[in-house]
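Trainee: I have the sequence and the structure open, and I would like to go through some parts of them with you. Can we start with a turn and then move on from there?
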Amino acid sequence: MTLNRRKTLAIGAAAVAAPYLNTVYAQAKKEVKLGQTMPYSGPASAYGTIGKLHQAFFKKVNAEGGVNGAMVNLISLDDGYSPPKTVEQIRRLVEQDNVDALFQTLGTPSNSAIHKYVNAKKIPHLFVATGATKWNDAKNYPWTFGFNLSYQTEGEIYAKYILKNRPNAKIAILYQNDDYGKDVLAGVENVLKGDKAKMIVARATYEVTDPTVDSQILTLKASGADTFINITTPKFAAQAIRRVYDSGWKPPLNIVNNVGASVGSVLTPAGLDKSVDVITVQYYKDESDPTWKDDPAMLEWRAFMGKHYTEGNVLDASNVYAYITANLMLQTLKQCNGNYSKDNIKKAAESIKNWKHGLLLPGISVNTSATDHAPIDQAQLSKFDGKKWVLFGEVLGGGAG
Amino acid sequence: MNRNQAIGVAIAIALACALPFVLGNYTTFQLTMALCYAIALMGLNMLTGYNGQISLGHGAFFAIGAYTAAILMDKANWAYWATIPVAGLVCLVAGFLFGLPALRLEGLYLAVATLALGNAVPQILKHKGLEHWTGGSMGVVIIKPEAPEWTGLNQDQWLYYFTLLWVVLLFFAAWNILRGRVGRALVAIRDHPIAAQAMGINTAIYKSLTFGVSALYTGVAGALAAIAVQFASPDSFTIFLSLTLLIGMVVGGLASISGAFYGALFIQFTPNIADQISKAAPWAIYGVFLIGFMYLMPSGVAGLIRVVRHKVQVPLSRKETR
């Protein structure tokens, strides 16, 4: 018993001490410390791959000599997509680990919970992995920066496309019952207002914790709509696409939002044949699109995946996304010119000018300023042909022309 | 409470008071959360440990308490300290009302009924009709209370002491309820309901009151936790919270008041330790911990301590009698 307990204590103590030992070791060198929370467990754990790729990416950067000679130490913690846990972990990162900036903390509720705190503490809260419009509020929250194409802009693009191509459409909308879902919906409603509002004949919501959206789809089908806007996260997007097809509804215009538009993690499980003619918007390249087979940026990304992140799924669009954001973070750190004070990191994040990454669609560039904290505000429509997304139309700007 | 126990409690309180001066703000915040859980566990233990009613839905009362505090502070500009008793009262009523129909349910049937409660509340909080108050899925952001100037404490330390005050208050209340006539009645109902009734105990009223008081404790805990976290959203109170509370109670020790503290420390810190051991499978590690705990101390931490104390005390007292 004594021996057992002693052993247990020793293991426990080692476990508690391990991260600190690591920190002491790392501090011997010049380093810039980044922190993030990711849903490695819980209902949104599919997104955990983003954090894993980031860690692999900065490991590679460090192996190649770091940024301007400084090592990047990214501390990535699990919050299980639970806001109180996010608050706890972020406080650990800020107060105990003394991170220089937060990078890509994921989730709208999680970031809402820490929004005030990080701004009060003046911690750069960079490129959050959510597309809620509220992250671009430089006046009230000067330390927070978004990344994703704003959900409202995306919704506006869809609504304008419908107005132009199917002015008599009867629209049914399925959306996730949270900030994210309502934000895309708000974009659609911004455009379809006044007498156009009647075009939306049915709405249905689901919860992240729901097992399926089957009954919602049947309700929407019963409304007699001929246009379906599918505002869902990957698991539900796959279910919805499959259910819409299997129920025999097959609306002539079937839109799935960008969040749920990965060929690998959504359309393949839904059934590629059942996904034909689905429309979405994109702002970064699709890993399964043969157009980009020999694209240098894609080759670079594949090489990275094969060498540094072998357990990652190359068919998961989140990994392309994560590679772009990691590169944007790297760019920001480069622009710091070796001064990693919080003020300077914020300033660098505000001075991204016309930055292009090979994995972003041609014609899309990243810009920020002291008043614009939304790096991406352009996208292009594309249609699924049974094998791949086919881009069409022009790159559409913010406000969606 | 005998002399030894009183000394033990006094030492524990003194230690708890000293902690914020030794530890950083972040750890103080974690301990504040642990204290909140301890209150909830005390409440749950009253219901399950002493009265034998299993609840898988106490996260719901935690949520109701949290939202009561959040809405009163956000919409009605109440002071944070004034919201705590209200949160407790609201949950007392809610718990009592839920306890009435639950009277007809025994054991696992009650567990399943409460599971429904735990599952429903987060969705009800998102309901359109309530959105004006609850903020829907956006949740409610709470402004963190400042410490009064004369204390010279920072926000985290102040909040810790504020929570500790409630812990001490509710601890003594629980002690008085459970160590007396009422406590014996509860245990009698748990162990042999028919005999209890034959002895003249009004089982119906006792059972639903226990449900109410237990919900009151959990609601106060929820309100304190929401103030500490400064945010309440439906995603904070998933069914997992209810299960976590149940785990904490079992690990701490059923039918023991002090067990609430061990259980609270377990549910607050084990996930973090598991996360540090393995990023890939933190919940597998958590499971290993849990199985380990159950294997090494089947009656919880409090049970183990009780056994150890007996082993030390019994030989001593034997010597004395000789």
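Mentor: Let us begin with β10(A) and β11(A), which form a hairpin with four residues between them. Please keep in mind throughout that this is a predicted model.

Trainee: Which residue in the turn has a positive phi?
Mentor: That is A:Gly386, whose phi is about 105°.

Trainee: And how many bridges join β10(A) to β11(A)?
Mentor: Six bridges join β10(A), residues 379-384, to strand β11, residues 389-396 of chain A, and the two strands run antiparallel. As one example, A:Phe384 has A:Trp389 in β11(A) as its bridge partner.

Trainee: What about β9 of chain A, how does that strand run against β10(A)?
Mentor: Strand β9, residues 278-282, runs antiparallel to β10(A) and is joined to it by four bridges, and in this pairing A:Val281 stands opposite A:Leu381.

Trainee: Why is β10(A) described as largely enclosed?
Mentor: Five of the six residues of β10(A) are buried, and so the strand is largely enclosed by the rest of the structure.

Trainee: Changing topic, is A:Ser262 buried or exposed?
Mentor: A:Ser262 is buried, because its relative accessible area is 6%, which falls under the 20% cut-off for that word. You will find A:Ser262 in the loop between β8 (253-256) and α9 (263-270) of chain A.

Trainee: What does its side chain reach?
Mentor: The side chain of A:Ser262 reaches the backbone nitrogen of A:Gly264 at 3.3 Å. If you leave aside neighbours within four places in sequence, A:Ser262 is also in contact with A:Leu267, A:Glu287, A:Leu315, A:Asp316 and A:Ala317.

Trainee: What is the strand order in the open sheet of four strands?
Mentor: The order is β2-β1-β3-β4 in chain A, with parallel pairing. The edge strands are β2 (71-78) and β4 (125-126), each of which pairs on one side only. Within the sheet, two bridges join β1 (residues 31-38) to β3 (residues 101-103), and A:Leu34 stands opposite A:Ala101 there.

Trainee: Which strands does helix α2 of chain A lie across?
Mentor: Helix α2(A), residues 48-63, lies across β1, β2 and β3 of chain A, and it runs at about 165° to β2(A).

Trainee: Over in chain B, at what angle do α2 and α10 pack?
Mentor: Helix α2(B), residues 25-50, and helix α10(B), residues 203-229, pack at an angle of about 170° with their axes 7 Å apart, and they are therefore roughly antiparallel to each other. The residues of this contact divide into 17 nonpolar, five polar and no charged.

How values were computed: Residues are numbered from 1 along each chain as its sequence is written. Chains are lettered from A and ligands numbered from 1 in the order in which they are written. This is a predicted model: local features need pLDDT of at least 70, side-chain atom pairs count only at pLDDT 80 or more; totals for chains, interfaces and linings use all residues. Side-chain values use heavy atoms; hydrogens and water are left out. Two strands pair if DSSP finds at least two bridges between them. Contact means heavy atoms within 4.5 Å. Axes are lines fitted to C-alpha atoms, for helices over the stretch in contact, and angles run from 0 to 180 degrees between N-to-C directions. Buried means under 20% relative accessible area, exposed over 50%, partly exposed in between (1.4 Å probe, protein chains only). A polar contact is a pair of N or O atoms within 3.5 Å; within protein, one must be able to donate a hydrogen and the other to accept it, and residues adjacent in sequence count only if both atoms are side-chain atoms. Angles under 35 degrees count as roughly parallel, over 145 as roughly antiparallel, 65 to 115 as roughly perpendicular and the rest as oblique. Ala, Val, Leu, Ile, Met, Phe, Trp, Tyr, Cys and Pro count as nonpolar, Asp, Glu, Lys and Arg as charged, and the others, Gly among them, as polar.
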